[in-house]
Amino acid sequence: NDDPDLIIHLGDLVEFGSSYSDWNEFDKFSDYVDKENVPFFSVLGNHEYHGNDKKALAHFFSRFKYFEDKQSWFSFIANGLGIILINSNEDNMSPDEINLQLDWFHNQMNEFNSSNDVSHIIIVSHHPPYTNMHVQYFKNAFPFIHSKDWSSNYIRKNYAEVFLASEKAILFISGHTHSFEHFIIDNKHFIVSGGGGGPRDP
């Protein structure tokens with residue numbers, strides 16, 4: 001469809017989050033989207049933190065101003081869909097940020113689950129809760145995540161389990177892994193779509 005209602009990016013918008021030149025390249029694409037008046041959302045990928053964190057996050061938040069008070073999570077309703085964007089970069093977040101986001105997430109899920117304006121719920125994160133990829137940063141096999149893989153284990157335990165318990169939740173979509181995967185667990189869909197950048201993962 002050449003006329004999308006909105007765009008949601010799954011993170012890793014740039015190679016180095018603190019790089020001015022990388023963000024200038026990104027702006028060439030986003031300028032086109034802005035001219036078409038298409039709402040453009042994104043979650044934070046791990047590459048958005050590469051380099052100097054303060055500079056990197058300043059670049060990100062200056063372009064995605066819907067995040068309030070520099071909080072890296074957000075939700076909205078579009079055509080009856082309750083959409084929740086979460087930050088899966090646990091190792092780059094302070095303990096306060098981790099707890100604030102988790103509390104907010106539970107409240108937001110409760111609000112969407114009880115709202116007559118929301119028919120279905122979609123959750124978006126950069127790191128996937130499930131993947132079959134056998135690469136250095138994903139030493140795992142579906143449906144179990146190796147204990148050293150903090151990102152997937154963290155997202156699965158704290159967010160995917162809440163997603164699975166919700167009658168309205170239908171889709172959990174993520175990136176990070178350089179491939180496409182589709183899992184169905186308890187009749188709910190988990191999609192990993194991270195093949196837009198570097199070499200494909202085995």
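**Salt bridges and positive phi angles**

Guide: K28 counts as exposed at 56% relative accessibility, where exposed means over 50% relative accessible area, buried under 20% and partly exposed in between, with a 1.4 Å probe and protein chains only. This is a predicted model, in which local features need pLDDT of at least 70, side-chain atom pairs count only at pLDDT 80 or more, and totals for chains, interfaces and linings use all residues. Residues are numbered from 1 along each chain as its sequence is written, and side-chain values use heavy atoms, with hydrogens and water left out.

Visitor: Which residue forms a salt bridge with K28?

Guide: That is E25, with the closest N and O atoms 2.9 Å apart; a salt bridge here is a side-chain nitrogen of Lys or Arg within 4 Å of a carboxyl oxygen of Asp or Glu. Both E25 and K28 lie in helix α1, 3 residues apart, about one turn of the helix, where helices are DSSP runs of H or I with at least four residues and strands are runs of E with at least two, numbered from the N terminus.

Visitor: How many salt bridges does the rule give?

Guide: The count comes to 2. D27 pairs with R63, their closest N and O atoms being 2.8 Å apart, and this pair links distant parts of the chain, D27 in helix α1 and R63 in helix α2 (residues 53-63), 36 residues apart.

Visitor: Changing topic, where is H176?

Guide: H176 sits in the loop between β8 (169-174) and β9 (180-185), and has a positive phi of about 70 degrees although it is not a glycine.

Visitor: Is H176 buried or exposed?

Guide: H176 is buried, at 12% relative accessibility.
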